[in-house]
Amino acid sequence: MNSSGHPSNIKSSVAAISIFASAGMAAAKFAVGIAIGSLALISEALHSSIDLVATIITWAVVQVSDRPADQEHHYGHGKLESVSALGVIALLYVLAGGILVEAYSRLREGAPPPSISAVPFIVLLIDIAVNFWRARALHRAARATRSQALAADALHFASDVLGSLAVIAGLALAGLGFRWGDAAAAIAVAVMIALLGLRMARATVETLLDRAPEGALEKATAAIKAVPGVVGVERLRVRMVGPTHFIDAIATVPRTYPIDRVEQIKRKAQDAVSRALGDADLTFTAVPVARDNESLRERIMVIARNSGLAVHHVTVHDLGGKLTVSIDLEVDGEMELTAAHAIAHDLERSIREDFGEDVEVDTHIEPLEPELPHGTDAAPDRVETIRQALARFAADGAIHDIHNVRVRDTDAGEIVNFHCRAAPSMSVVKVHENVDEIERALRRAFPTIKRVISHAEPRRG
C-alpha cells in the first residue's frame, strides 16, 4: 500500500492545505472589511481567523492523535482531538458574543453604512468557492479517517459559505439604502457561529463522555453472535477514542471447548467486528456455559478437566432411572495407592455433586502413560510372526486382509499396530466387536504385548 494513502498522511496533508487557504482568505476579507467599514465582512474575517487558528490546532493535533498506544496512554491519543475541538468551540462563542455586542452598538447608534463597490463581492465569491472546496475535501477526509478534528474543521468551512452569503445579502441591503443591512448580516454571522458551536459541542461532549456511537452496539453484537462457537453475548460496551472503536464483550462459549478453540473464537470475533465497524479493538471475555445438548459424557469430561485430571474410556449407563458411570483415571505410575485413591474419591464426589448422590461411580486407576515413551522397531521375524498370528485369528471372521503390521518394543512392553478390512455395510459396533476379539486373542497368545491398536478400513470393491 502506498504510504501516501495512510490515514495519518491524509489528515496531515488536508489540514496543511487548509491552513494556507484560511490565512489568505481571512487576510483578504479583513483588509476589505476595514477599507469599506463593513462590520459583517470584518466579522466574517474574524470567523475565518478563528478557523485559521482551529486549522493550525487541528494540524498539530493530528500529528499526536495518530500515535499508537503507549505505557501511559493505553487507549491511544485519539481523545486529544475532542479536547482540541472544545478549545475551538470556546473561541467560536467568544467571537459570536463580540460580534453581537458590536452589531447591537451600531444599530443603537445608527452607524453609517459601509462603502459599496465590486471588490467585497468578488472577495466573498472567491471565499465561497474556496470554502466550498475545502469543506468537501475535509468532509471526505474526516469520513475516511473517522477524525473528529477534521469533521469539526469541515463544519467551520461549511458555515463560512453560509456566512459569506449572509454578508453578501447585508452588503446588498446596505447598497439599496437599508442602513441596518450590514449590522443585520453581522448578527446573522454570529448566530450561525453560535449554532455551529452548539452542534460541535454536542458531538464532542458525547465522545468525551464515552457515548456509544449510534448503531455500533447492534453491529458489534450481531458480528460476535455470528461467529461459530459463540453461544451468546452477555454484555457489550463500545466507546470511541479518535477513530477507533474500543469494544468490551463478554460472550458465552461451550464449556466443552478446549482453550485453543476458544482462542480461535476470539480471533474470529476480532475480525468480525473489524469488518462491521472498521477500526476496532476488541477485548473478548469468554464465559464457559453448559449447552442444552451437552451429553452426560461431556459433562463428566468437563468435571475431570476442571480438576486437572486425565480420564478416558468414560461410559454412562441408565439402569432404570439410575445412572452408572465408569471411568479410567490416569495418575502418575509412581504414586502411592493411598494418594491415587484420594484423587479418585474426590473425582467421584464431584460427579455425584453434579449428577446427584444416587449415581453409581466406579473409577479404574491406571498409570499415566509417559508423554514420549522410548521405543524401537521390533525385528522383522518378530513382526512376521505376529502378522501370521493376526491373519490366523481373523481367518474365519468378518475381518480380513491384515496388512501394514508394525511392532515396537517399549519399556512397558510391545505395541502392535495393524490395518484390516471389513464389509463397507458393516456397522461400527460390529467392526469393533470383531476387531476387539482379534486383539484379545493376540494378547493371550503373546503376553509380552502391552497394547494393540487396529485401524479398520472398508473392503475395496
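Two strands count as paired if DSSP finds at least two bridges between them. Helices (H or I, at least four residues) and strands (E, at least two) are DSSP runs, numbered from the N terminus.

This is a predicted model, where local features need pLDDT of at least 70, side-chain atom pairs count only at pLDDT 80 or more, and totals for chains, interfaces and linings use all residues. Residues are numbered from 1 along each chain as its sequence is written, and side-chain values use heavy atoms, with hydrogens and water left out.

Let's start with the open sheet: 3 strands in the order β4-β5-β6, with mixed pairing. β4 and β6 sit at the edges with a single partner strand each, so one side of each has no neighbour in the sheet. On average, and ignoring direction, neighbouring strands here are turned by 15° against each other. (Axes are lines fitted to C-alpha atoms, for helices over the stretch in contact, and angles run from 0 to 180 degrees between N-to-C directions.)

| Strand | Partner | Bridges | Example pair |
|---|---|---|---|
| β4 (residues 310–319) | β5 (residues 322–331) | 8 bridges | H312 and D328 |
| β1 (residues 232–241) | β2 (residues 244–254) | 9 bridges | R239 and F246 |

Helix α9 (residues 296–306) lies across β4 and β5, at about 140° to β4. Helix α10 (residues 337–355) packs on the sheet and touches β4, β5 and β6, with its direction making about 150° with that of β6.

Back at the hairpin of β1 and β2, 2 residues lie between the strands, and G242 takes a positive phi near 65°.

Technical notes
Contact = heavy atoms within 4.5 Å.
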